[in-house]
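Subject: Structure handover

Hi,

Here is the structure I promised you. Please open it first, then read my notes below.

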Amino acid sequence: MWRVFEISDAIVIVADIRNPIMHLPPSFCKYIFGTWKKPITIALSKSDLVSGRLRAAWIRHIGARFPGAQVVPFSIYSIAAAASGKPKRYLHAFGVTEII
């Protein structure tokens with residue numbers, strides 16, 4: 001994996017927002033943050049499945065734990081549409097340009 005990090009311009013780590021600490025093992029994070037001086041983004045997936053308070057709490061916690069990283073939540077569904085109560089089969093997924 002070190003070769004991938006070596007040739008990369010930026011590093012993106014995708015973690016499930018329902019339990020992101022499980023996807024950010026300490027030894028892996030120590031290696032990435034200690035060895036590679038590259039922009040690091042931690043993307044918290046499935047952000048439509050948690051409340052706004054929990055989403056904000058995880059962003060604060062992970063941002064404090066990894067101060068050099070940018071922490072961003074994302075979902076294929078808009079958070080407002082997911083909160084509308086409609087079943088997901090009636091919601092339309094967004095493309096890459098709308099997510100970023």
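Start with Asp9, which lies in the loop between α1 and β1. Note that this is a predicted model. Asp9 is exposed, at 70% relative accessible area. Setting aside neighbours within four places in sequence, Asp9 contacts Lys38 and Pro39. Asp9 and Pro39 are 30 residues apart in sequence, yet their C-alpha atoms are 7.6 Å apart in space.

Ser8 sits in that loop too, between α1 (2-7) and β1 (11-16). Ser8 is buried, because its relative accessible area of 19% falls under the 20% cut-off. The Ser8 side chain reaches back to the backbone oxygen of Val4, at 2.5 Å.

Now the overall layout. The protein chain has five helices and three strands. Along the sequence they run α-β-α-β-α-β-α-α. The chain has 100 residues, and 30% of them are buried. Take the contacts with a sequence separation of 6 or more: 69% of them join residues 24 or more positions apart.

Next, the core. The largest nonpolar core holds 18 residues. Which of them touch the most other members? They are Ile11, Leu24, Ile42, Leu44, Ile62 and Phe66. β1, α2 (26-35), β2 (40-45), α3 (52-65) and β3 (69-73) each supply at least two residues of this core. Ile42 is worth a look on screen. Beyond four places in sequence, Ile42 touches Ile13, Leu24, Phe33, Ile62, Phe66, Ala69, Gln70, Val71 and Val72.

Last, the charged pairs. The structure holds three salt bridges.

- Glu6 and Arg3 meet through their side chains at 2.1 Å, N to O. They are three residues apart in helix α1, so about one helical turn separates them. Glu6 is partly exposed at 36%, and Arg3 is partly exposed at 47%.
- Asp16 pairs with Arg18, with the closest N and O atoms 2.7 Å apart. Asp16 is buried at 11% relative accessible area, whereas Arg18 is partly exposed at 46%.
- Asp16 also meets Lys46, at 3.4 Å, N to O. Asp16 lies in strand β1 and Lys46 in the loop between β2 and α3, so this pair ties together parts that are 30 residues apart in sequence. Lys46 is partly exposed, at 37%.

Shared partners join Asp16, Arg18 and Lys46 into one salt-bridge network.

Best wishes

Key. Residues are numbered from 1 along each chain as its sequence is written. This is a predicted model: local features need pLDDT of at least 70, side-chain atom pairs count only at pLDDT 80 or more; totals for chains, interfaces and linings use all residues. Side-chain values use heavy atoms; hydrogens and water are left out. Helices (H or I, at least four residues) and strands (E, at least two) are DSSP runs, numbered from the N terminus. Buried means under 20% relative accessible area, exposed over 50%, partly exposed in between (1.4 Å probe, protein chains only). A polar contact is a pair of N or O atoms within 3.5 Å; within protein, one must be able to donate a hydrogen and the other to accept it, and residues adjacent in sequence count only if both atoms are side-chain atoms. Contact means heavy atoms within 4.5 Å. A nonpolar core is a set of buried Ala, Val, Leu, Ile, Met, Phe, Trp, Tyr and Cys residues joined through side-chain atoms within 4.5 Å. A salt bridge is a side-chain nitrogen of Lys or Arg within 4 Å of a carboxyl oxygen of Asp or Glu.
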